[in-house]
Amino acid sequence: MNDTICALATALGGALGIIRISGAQSLEILSRIFSKDLTQAPANTIHYGHIVATTPVGSATTPAGFPAGPIDEVLVSVFRAPHSYTGEDSAEISCHGSRYILNKVLELLVQNGCRMAKPGEYTMRAYLNGKMDLSQAEAVADLIASSNQATHQLAMSQLRGGISTQLSSLREQLLKLTSLLELELDFSDHEDLEFANRTELTDIANKINKHIARLSQSFKLGQAIKQGIPVAIVGKTNVGKSTLLNRLLHDDRAIVSDIHGTTRDTIEDTIDLQGITFRFIDTAGIRQTSDQVEQIGIERTYAAINKARIVIWMVDEEPSQEELSKIETFTENKKLIIVRNKIDKAENKPFTLVKYPLIEISAKHNQNIDLLEQSIYQAADIPALSDSDIIITNARHYDALIRARQAIQRVVNGLQQQLSGDLLSEDLRQALDILSEITGGQITPNEVLGNIFKNFCVGK
């Protein structure tokens with residue numbers, strides 16, 4: 001981490017491109033290829049000038065492939081440690097977006113002492129230099145990947161330290177419990193002294209247990225918001241499932257035909273409804289068939305139902321009691337919406353269903369699709385999110401919370417069984433260590449850090 005690194009921080013193909021430099025030698029190296037000396041430049045200033053092909057340190061010739069004269073006119077932003085993203089001296093070069101120009105600038109920087117940055121290395125340095133904790137660093141990746149209002153809001157909450165604040169509160173409670181127990185151990189030979197009332201300790205431990213449980217239980221909602229809520233569109237052949245999918249997506253995503261069994265596999269795509277991503281799955285029509293390929297598609301339909309959180313069961317005629325029983329069997333513990341399609345046909349008669357929500361539509365003529373979208377959103381049962389809500393979206397955090405809760409549950413059980421304080425203290429220390437893994441409060445092994453940052457963008 002003592003090297004000075006550089007990387008392109010913006011996608012290729014735009015009008016402008018930004019190259020980031022970070023490290024102790026940032027301004028010295030940049031000054032070798034910039035038309036002005038920036039080594040004494042004040043922090044948080046912007047400088048206009050030119051990138052020029054100069055002779056690299058240790059070389060007697062002009063770099064091969066660089067014509068004499070300026071490469072580009074640029075703006076350079078200067079940041080001084082510790083008040084930069086990485087906590088190091090750093091700079092950002094704003095160039096024109098030409099692939100040729102950007103590659104030449106990077107080549108000049110490397111020839112003059114920089115090293116190309118690895119994925120996530122800027123954010124890793126920010127973490128190692130104390131600019132953010134590990135959960136906030138991971139939130140940077142979530143913020144970049146956010147695809148709707150909800151995922152953006154959760155990433156911003158985590159980036160502002162929402163999870164860190166919750167864990168800090170838990171840590172204080174755990175430390176209080178640990179202190180009371182260890183004080184009892186230190187003076188265990190004084191039988192006339194009582195430092196920790198076991199009832200009070202049990203109350204504190206139960207409170208911590210419930211707090212951790214509440215955080216870990218939010219992971220299911222967090223995953224649904226982050227990955228998209230799966231919605232399976234199922235029913236018999238030719239009831240209009242593919243037409244409905246196309247209407248919801250506002251695109252001809254699925255083949256529509258009057259021929260039975262046209263859809264032989266699941267087709268997936270996503271839409272945004274009121275800031276939440278829904279992942280719709282069009283499935284093969286359910287019917288008895290001797291076609292082996294179609295039968296595989298029907299088996300995948302049942303698999304899609306199992307994975308779905310919401311099931312849209314499409315019909316174009318009133319289902320029998322036998323069909324309703326089948327629906328109940330396959331959609332147990334799921335939100336079910338029965339959609340009656342083809343209401344534009346004059347021969348349709350009113351349905352007598354009373355047990356299930358029923359939405360009447362014409363997918364072909366785009367009738368009542370807005371009502372169906374509203375019902376789908378309501379069925380997702382997503383609570384209104386505020387900036388103060390803490391929802392766990394990261395599998396690593398969830399795993400740590402589960403292990404921490406197991407440790408604190410052992411403390412609760414031990415207090416009820418009147419176990420000695422030294423045994424209880426060991427579980428408390430373990431819970432503290434596990435929670436520290438989330439924010440990186442302890443020294444985190446290099447392989448863990450590498451695994452966390454390997455999926456970041458280069459330049460972030």
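Guide: Two strands are said to pair if DSSP finds at least two bridges between them. In this predicted model, local features need pLDDT of at least 70 and side-chain atom pairs count only at pLDDT 80 or more, while totals for chains, interfaces and linings use all residues. Residues are numbered from 1 along each chain as its sequence is written, and side-chain values use heavy atoms, with hydrogens and water left out.

Visitor: What makes S1 and S2 a pair?
Guide: S1 and S2 are joined by four bridges in the antiparallel sense, and because pairing asks for at least two, they count as paired. Within this pair, Ala7 stands opposite Arg20 in S2, and the bridge partner of Arg20 in S5 is Glu92.

Visitor: How do you know that S2 and S5 pair, and in what sense?
Guide: Strand S2 (residues 16-22) and strand S5 (residues 90-96) share seven bridges and run in the antiparallel sense. Ile19 stands opposite Ile93 in S5. Strands in this account are DSSP runs of type E with at least two residues, helices are runs of type H or I with at least four, and both are numbered from the N terminus.

Visitor: In what order do the six strands of the open sheet lie, and which are called edge strands?
Guide: The order is S3-S4-S5-S2-S1-S6, with mixed pairing. Strand S3 (45-52) and strand S6 (115-116) are the edge strands, since each pairs on one side only.

Visitor: What does helix H2 touch, and how is H2 directed relative to S5?
Guide: Helix H2 (residues 99-111) packs on the sheet and touches strand S1 (5-8), S2, S3, strand S4 (70-79), S5 and S6, and its direction makes about 150° with that of S5. Contact here means heavy atoms within 4.5 Å, and the angles, from 0 to 180 degrees, are taken between the N-to-C directions of lines fitted to C-alpha atoms, for helices over the stretch in contact. Helix H3 (residues 121-128) lies across S1, S2 and S6 and runs at about 135° to S1.

Visitor: Why is Thr439 called buried?
Guide: The relative accessible area of Thr439 is 16%, and buried means under 20%, with exposed over 50% and partly exposed in between (1.4 Å probe, protein chains only); Thr439 is therefore buried. Thr439 lies in helix H14 (residues 421-439), and, residues up to four places away in sequence not being counted, Thr439 touches Tyr127, Asp133, Leu134, Ser135, Ser164 and Leu167.

Visitor: Is Ser375 counted as buried or exposed, and what is in contact with Ser375?
Guide: At 17% relative accessibility, Ser375 counts as buried. Ser375 is found in helix H12 (residues 369-380) and, neighbours within four places in sequence aside, is in contact with Ile337 and Ile359. Across the chain of 460 residues, buried residues make up 47%, and in S2 five of the seven residues are buried.

Visitor: What makes Arg403 and Asp399 a salt bridge?
Guide: Their closest N and O atoms are 3.1 Å apart, and a salt bridge needs a side-chain nitrogen of Lys or Arg within 4 Å of a carboxyl oxygen of Asp or Glu, so the pair qualifies. Both residues lie in helix H13 (residues 395-416), four residues apart, about one turn of the helix. Arg403 is partly exposed at 28% relative accessibility, as is Asp399 at 41%.

Visitor: How do you know that Arg410 and Asp427 form a salt bridge, and where do these residues lie?
Guide: The closest N and O atoms of Arg410 and Asp427 are 3.0 Å apart, and the pair is a salt bridge. The pair links distant parts of the chain, with Arg410 in helix H13 and Asp427 in helix H14, 17 residues apart. Arg410 counts as partly exposed because its relative accessible area is 34%, whereas Asp427, at 15%, counts as buried.

Visitor: Why is Tyr48 called partly exposed?
Guide: Tyr48 has 44% relative accessibility and so counts as partly exposed. Tyr48 is found in strand S3.
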